[in-house]
Amino acid sequence: MLRLTVKTGLAGGAVYYSREEGIWNENTDLVYERYATALQPHLASVKQQIPVEVPALPSSGEVCFLTKHYYNEGVKSSIRFVHMMPCYLGQWTKKATDAVKKAMDAGPAEVAAVPAPAAPAKK
């Protein structure tokens, strides 16, 4: 229950924060540009501290394309899973019934064949 509460709180916080930042009201290119300009001083300080060259931020067009692409892939995968759900349920049901039949066929003879643990000796 705690886990569900934490996950719900994080998701709700993310939605609330994104709404407060205006991500849902503005053009996404403007939001990206605003964050890119806000991060430039921090990137400059990191570049001075680390001898490795930090790659440039991708353009807003690339970010928009990748966001849309992966969102669409997620939707397609979700729909594919829902479409295949009856098949998956059939497979899981068959595995479960086979396991139950196998356990029922084992019977008490095989269960009795397993040696019981020895009782401790009384003094």
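Reply: A residue counts as buried under 20% relative accessible area, as exposed over 50%, and as partly exposed in between, using a 1.4 Å probe and protein chains only. This is a predicted model, in which local features need pLDDT of at least 70 and side-chain atom pairs count only at pLDDT 80 or more, while totals for chains, interfaces and linings use all residues. Residues are numbered from 1 along each chain as its sequence is written, and side-chain values use heavy atoms, with hydrogens and water left out.

The part to look at is helix H3, which spans residues 60-113. Helices are DSSP runs of H or I with at least four residues, strands are runs of E with at least two, and both are numbered from the N terminus. The chain has three helices and zero strands, giving the pattern α-α-α along the sequence.

The chain has two salt bridges, a salt bridge being a side-chain nitrogen of Lys or Arg within 4 Å of a carboxyl oxygen of Asp or Glu. In one, the side chains of Lys76 and Glu73 meet at 3.7 Å, N to O. These two residues are three apart in helix H3, so about one helical turn separates them. Lys76 is partly exposed at 47% relative accessible area, and Glu73 is also partly exposed, at 32%.

The other pairs Lys94 with Asp98, whose closest N and O atoms are 3.1 Å apart. Both residues lie in helix H3, four residues apart, which is again about one turn. Asp98 has a relative accessible area of 35% and is therefore partly exposed.

Helix H3 also holds Trp92, which is partly exposed at 49%. Trp92 belongs to a nonpolar surface patch with Phe81, Val82 and Leu89, and the four have about 420 Å² of accessible area together. Patch members have over 30% relative accessible area and no salt bridge; like charges are joined within 9 Å, and nonpolar side chains (Val, Leu, Ile, Met, Phe, Trp, Tyr) within 5 Å. Areas come from the Shrake-Rupley method with a 1.4 Å probe, and for residues only the protein chains shown count as cover.

For the chain as a whole, the accessible surface comes to about 11,200 Å², with 67% of it belonging to carbon and sulfur atoms. Buried residues make up 5% of the 123 residues. Leaving aside residues up to four places away in sequence, Ser18 touches Ile23 and Trp24, where contact means heavy atoms within 4.5 Å.
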